[in-house]
Amino acid sequence: MGEPSALIATSPLPSPVELIAEHAHADQHTVPTGAILFRRSEPVQAIYALERGLVELSAPGAGRLRYGAGEVFFYEDLAGNRLHHSRDARALTPVAFVRLPRISFLELVHRHPTMVLSLLERQHSRLREQRLDACHFY
């Protein structure tokens, strides 16, 4: 048998979507193309994890953000302690997602702090992609 540290290094950590989906208070949903997951100005009550499909977040004058399978979205409003969503969320394809209440998400972060690193890494990648895309317009 190998060293314990070698076993830890080779075992993959669950993704944020997997952790959220496994939570006891997570609700599984499926919606068709065009369905609204939430609207701008509605109370922020949960985080969303996409298992399948494509979702677009939009707001007047704020541009559009797209999220695909394996991504978590709307922790921006949860983390920022906003009371209301700042964007609309619409399914661009049939979507399967998990909705986890705010308090359960915060509990999950306390139990799995490495999840925050995964979320930050993805956010950093998104910002880098946006910066590269913007270079084409100058």
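Where does H23 lie in this chain? Hi everyone, let's start there, and please keep in mind that this is a predicted model. H23 is found in the loop that runs between helix 2, residues 16-22, and strand 1.

Is H23 buried or exposed? Its relative accessible area is 9%, and buried means under 20%, so H23 counts as buried. As for its contacts, if we skip neighbours within four places in sequence, H23 touches L100, S104, E107, L108 and R111.

Four strands form an open sheet in the order 1-8-3-6, and the pairing is antiparallel. Strand 1 (27-31) and strand 6 (72-73) are the edge strands, since each of them pairs on one side only. Strand 6 pairs with strand 3, residues 46-52, through two bridges in the antiparallel sense. If you want to find this pairing on your screen, look at Y48, whose bridge partner in strand 6 is F73. Packed on the sheet is helix 4, residues 102-111, which touches strand 3 and strand 8 (95-101). The directions of helix 4 and strand 8 make an angle of about 85°.

One more residue before I stop: R87. You'll find R87 in the loop between helix 3 (75-79) and strand 7 (88-91). With a relative accessibility of 16%, R87 is buried too, because the cut-off for buried is under 20%. What does the side chain of R87 reach at 3.4 Å? That would be the backbone oxygen of A62. Not counting residues up to four places away in sequence, R87 also has contacts that include F38, L57, G63 and F74.

Technical notes: Residues numbered from 1 in each chain as written. Predicted model: local features only at pLDDT ≥ 70, side-chain atom pairs only at ≥ 80, totals over all residues. Heavy atoms only, no water. Buried < 20%, exposed > 50% of the residue type's maximum accessible area, 1.4 Å probe, protein only. Polar contact = N/O pair within 3.5 Å; in protein donor to acceptor, adjacent residues only side chain to side chain. Contact = heavy atoms within 4.5 Å. Pairing = 2+ DSSP bridges. Axes fitted to C-alpha atoms, helices over the stretch in contact; angles between N-to-C directions.
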